[in-house]
Amino acid sequence: MDPVLIGEILSGLMFFAIIGVLMLGFPVAFSLAGTALIFGLIGWWLGVYDPSNYGSLVGRYIGLMTNEVLVAVPLFIFMGVVLERSGIAERLLVTMGKLFGNVRGGLGFSVIIVGALLAASTGVVGATVVTMGLISLPAMLRSGYDPKLATGVICASGTLGQIIPPSTVLIFMGDMLSGINAQVQMSKGNFAPEPVSVGALFAGAIIPGLILVGLYMAWVAIKAVIDPESCPATPVPEAEKKDLAREVVVALVPPLLLIVAVLGSILAGIATPTEAASVGSVGALILAAFNRQLNFGILRQTVVSTASITSMVFIILFGAAVFSIVFRMMGGDNLVHEFLSNMPGGAIGATIIVMFIMFLLGFILDTFEIIFIVIPITAPVLLALGVDPIWLGVAVGVNLQTSFLTPPFGFSLFYLRGVAPASVTTGMIYRGVIPFVILQLVGLAVLFVFPQLITWLPSLIY
């Protein structure tokens with residue numbers, strides 16, 4: 001049999017084998033690396049893979065660990081964990097609840113707005129969902145909200161941190177797409193390609209993030225009209241209205257200042273994402289101290305949590321590097337190129353297929369696992385077909401928000417299940433997120449039809 005064909009068959013089998021191993025519950029990073037090593041040995045035995053290719057892993061790992069852009073990841077995680085413990089989220093939720101209390105569906109609106117603000121100031125999905133689950137869910141249930149609507153709003157709002165900057169997913173996407181785009185452009189003879197910066201991805205994600213916020217609020221408003229009993233109003237006592245304006249200012253100003261300092265400095269070109277993350281981390285510590293929520297115990301918990309999350313993400317990235325090398329060197333990239341290039345509809349058809357595969361993978365894999373596996377394989381083909389790298393990065397981010405919501409392995413569902421009362425069943429949570437998964441797909445469809453919603457702001461700023 002032709003060695004090239006054998007290599008392509010092995011690379012295809014390896015992809016599906018990894019999905020199967022992950023579904024069995026084995027750790028992601030070791031599943032990626034271990035399965036790739038086994039198939040590499042099989043390929044070596046069959047004469048279609050050279051083990052000396054593993055030597056390039058050393059340079060790749062050193063490059064990842066010394067990459068200045070990726071230093072922003074632990075800094076943004078640190079900032080998010082500090083803010084989660086500073087009481088800002090709790091104050092925002094309580095104040096926004098009072099502000100919209102007289103409106104039917106008001107608590108739902110307040111959760112969505114707070115989710116967007118926390119996404120723009122922390123970007124940590126788990127902390128946001130848990131915080132809103134602890135504070136808002138009991139209040140919504142006491143007010144007579146349908147548990148399915150309440151849990152759906154909380155889970156969906158918490159996932160906004162995946163797309164609204166500063167998003168750690170977009171940081172990794174920017175770093176990956178920058179290198180891939182440079183290689184694709186040079187292969188076409190363009191030796192001075194436009195760089196794909198994290199700042200450009202942040203700018204491109206702002207409008208899509210606001211579109212999702214608008215879609216979520218529109219759904220709550222529709223529910224308030226067609227099923228008013230599912231989201232009743234919660235009138236605020238007259239005695240509490242006197243100081244409401246001051247409470248709103250006090251609750252909103254600190255996170256807004258932090259958002260302006262971090263995101264504004266990146267978009268204005270004043271600071272790189274890493275520098276802005278440093279400023280944000282210091283700002284989060286100042287806010288925590290101002291709220292009297294900063295001490296050695298909290299700082300220790302924050303550092304340990306940051307190290308754990310960062311280590312988890314990077315060890316997955318290291319494992320994915322092993323998979324990528326074996327897959328590519330056995331001819332898997334040629335297989336993917338032929339498959340996507342022959343799709344009807346050209347670049348649009350190929351992009352739809354990749355997005356559909358990512359959506360399906362979101363049912364069983366985490367966002368980082370998907371981008372580390374799929375992007376290195378498919379992005380070179382899509383960019384070669386003419387897909388805009390900024391559009392691709394943001395659209396993938398919107399698509400993979402669903403991985404936090406789709407059962408059975410949606411992490412937002414797990415986070416909320418851990419803090420929800422026993423009266424709220426797992427089935428209620430699962431059914432509650434279905435409309436919001438559909439809304440995210442609607443948002444993605446809008447971005448397909450109007451790609452300028454992503455590309456306009458980066459082209460204007462940069």
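**Exercise 1. Determine where Pro138 is placed and whether Pro138 is buried, partly exposed or exposed.**

Solution. The model is a predicted one, in which local features need pLDDT of at least 70, side-chain atom pairs count only at pLDDT 80 or more, and totals for chains, interfaces and linings use all residues. Residues are numbered from 1 along each chain as its sequence is written, and side-chain values use heavy atoms, with hydrogens and water left out.

Step 1. Pro138 belongs to helix 7, residues 125-142. Helices here are DSSP runs (H or I, at least four residues), numbered from the N terminus.

Step 2. The relative accessible area of Pro138 is 28%. Buried means under 20% relative accessible area, exposed over 50%, and partly exposed in between (1.4 Å probe, protein chains only). Pro138 is therefore partly exposed.

Step 3. From Pro138 to Ile207 there are 69 residues in sequence and 32 Å in space, C-alpha to C-alpha.

**Exercise 2. Describe the span of helix 8 and explain why helix 8 is largely enclosed.**

Solution. Step 1. Helix 8 covers residues 147-158, which makes 12 residues. Its first and last C-alpha are 16 Å apart, close to the expected 16 Å; the expected span is 1.5 Å times one less than the number of residues.

Step 1. Because 10 of the 12 residues are buried, helix 8 is largely enclosed by the rest of the structure. Among the buried residues are Leu149, Val153 and Ser157.

Step 2. At the start of helix 8, a side-chain oxygen of Asp146 comes within 3.0 Å of the backbone nitrogen of Lys148.

**Exercise 3. Identify the surroundings of Ser157.**

Solution. Step 1. Ser157 lies in helix 8 and, at 0% relative accessibility, counts as buried.

Step 1. Not counting residues up to four places away in sequence, Ser157 touches Val111, Ile112, Gly115, Met132 and Tyr216. Contact means heavy atoms within 4.5 Å.

Step 2. A polar atom of the Ser157 side chain lies 2.7 Å from the backbone oxygen of Val153.

**Exercise 4. State whether Glu8 has a salt bridge or none, and list its contacts.**

Solution. Step 1. Glu8 is found in helix 1, residues 3-23.

Step 1. Glu8 is buried and has no salt bridge, that is, a side-chain nitrogen of Lys or Arg within 4 Å of a carboxyl oxygen of Asp or Glu. Arg328, the nearest side chain of opposite charge, is 13 Å away.

Step 2. Leaving aside neighbours within four places in sequence, Glu8 is in contact with Met330, Gly331, Asn334, Leu335 and Glu338.

Conventions: Helices (H or I, at least four residues) and strands (E, at least two) are DSSP runs, numbered from the N terminus. A polar contact is a pair of N or O atoms within 3.5 Å; within protein, one must be able to donate a hydrogen and the other to accept it, and residues adjacent in sequence count only if both atoms are side-chain atoms. Lys and Arg count as positive and Asp and Glu as negative; His and the chain ends are not counted.
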